[in-house]
Amino acid sequence: MTAPRVRFAPSPTGDLHVGSVRASLFNWLYARRFGGTFILRIEDTDRARSTDESTNVILEGMRWIGMEPDEGPFFQSQRGDLYRARLDELLDARKAYRCYCTKDEVAAKRADAERQKKLYRYDRTCRDRTDAPDLPFVVRAKLPEEGTVVIDDLVKGRVEVRNDQFDDLILARQDGSPVYNFTVVVDDIDMQITHVVRGDDHLNNTPKQIHLYSLLGAPLPAFAHLPMVHGANGKKLSKRDNVVSILQFRDLGYLPETMLTFLVRLGWAHGDQEQFTVEELTQLFDLKDVRPSAAVFDEKKLDWLNGFKLREMTPAALRDRARTFIEAVGIDPETTWVLRAVEALQPRANTLLQLAKGLRMFTDRGPVTYDEKAARKFLKEEQRERLTLLADRLAEIDDFQAPALEAATMAFLEEHEWKMKHVGQPCRVALVGGTVSPSLFDVMEIFGKDVSLARLRAAAAFAPSEE
RNA sequence: GCCCCUAUCGUCUAGCCCGGUCCAGGACGCGGCCCUCUCAAGGCCGAGACGCGGGUUCAAAUCCCGCUAGGGGUACCA
């Protein structure tokens, strides 16, 4: 097998959609697996909708996720000469022709057909015209009127379509600018693409493009049409109801390797294996293992996956990865207590953002504001004595670390014949003001001796005394 | 309307090509239990699917046909 050449060809008209990232990923993985070349081509022929900003978003998203192109980015807007040359060839060879029908005429015929409930197809009035009036025109390809096209799709299998389905498609607009179906084919030929791997929303374009290959006298690449990704509503993922931008996932605190693993598992599997490293993926991935049916993007599973990957890291690595999030929350990641706090929060966070937010619990070292309900329930009168006694006991500890604190507390409890479950929540409320936090001993270690004892005593004082 | 694609637990999927080993396996989610100072994490257990109807066959999730349902396309967008 010769080394494959594949491409990702997004149009810069908005965010980089996770569905696009997945299509790109399948291309990239295929290239990596078989020692091929991955090319990035920006399809910006629709100048009204394309923006530089969007191009940058695409580049940024791909860099973030680690899919750097081997060649490109190429911009279709800079390749006009190529398209014009191929267009002239087609015209000269009479494989394409100038069509002088105006937009309005065509629109009228279409409306007419719709009114009669008939399928509209351009009637080819200009196909065999021999005159050349000095009027604006559009260039159309002469497509076969009979017969069938066969697509041997790597994921969909054999697809056969009748040629009477198509009209003579437009190659270049009235202003001379080339149209998508033409530029893709010209570029894929020029860039010697061996495998066209894209979403199956393009499956309907493929027969037309196959005809263009033959008009242009070029060999056919292999095609692989990937199933779509749907939202929970069963429809195409939409900006309206879902988070779809890859950069948004980044900003929410998902890891790029999470996105990669999750996205590749939408439509591809390797037995029962759930976890993959990027290296593994580049050794295992193959287009022939891609399922043909659409998949639903399950945010719950994404969260689980991200949390899983977060928990695999060492606390130091996790802190480093969460750096920008920690800073955003106003904390210096190098502060000494941060590492311990990250460790304590690690099993409790599914995203870097959640982790950073969790850290805020430890920033304020002054008096605690108690959650009203929590205080009423746990800071009862008997806690005056317990909390005070515990504070006195812990005051004797010099090595204010979780293990020592735990040992001392356990001994203390035993002496007084109290149970952890009787003092645990009161302590927690005393320390953080609420009923949810990491282990008390971790919390105390993070706060340090002075703050911890002060808070324990403050809570004891706060608890109501006997009437 | 017409064309194309798809169809295994709620979701992602294994199995389907090469029928029997599948009273269908794994994972997320869900329920329960354990652990436990709360919440998580972790461990264990459980409920949960071959869309329907016809064939073919000794035997079908697996092969064939039809239906139904869902999705996509039908531009001088990409």
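What follows is a short chat about a sheet and an RNA contact surface in a predicted model.

Modeller: Residues are numbered from 1 along each chain as written, with chains lettered from A and ligands numbered from 1 in written order. This is a predicted model, where local features need pLDDT of at least 70, side-chain atom pairs need 80 or more, and totals for chains, interfaces and linings use all residues, while side-chain values use heavy atoms, without hydrogens and water.

Biologist: In what order do the three strands of the open sheet come?

Modeller: Strands of a sheet pair through backbone hydrogen bonds, either parallel or antiparallel. Here the order is S4-S5-S8, with antiparallel pairing. Strands are DSSP E runs of at least two residues, helices H or I runs of at least four, both numbered from the N terminus; pairing takes at least two DSSP bridges.

Biologist: Which strands stand at the edges?

Modeller: S4 (96-99) and S8 (170-172) each have a single partner strand, so one side of each lacks a neighbour in the sheet. Four bridges join S4 to S5 (residues 138-141); cysteine 99 has valine 138 as its bridge partner in S5.

Biologist: And how many residues surround RNA strand B?

Modeller: A residue is near a strand if one of its heavy atoms lies within 4 Å of it. By that test 57 residues surround RNA strand B, the closest being Arg173, Lys235, Gly267, Arg428 and Ser437. Sugar and phosphate make up 70% of the RNA strand B atoms within 4 Å of the protein.

Biologist: Which elements supply that surface?

Modeller: Helix H4 (103-115) and helix H18 (420-432) are among those that each supply at least two residues.
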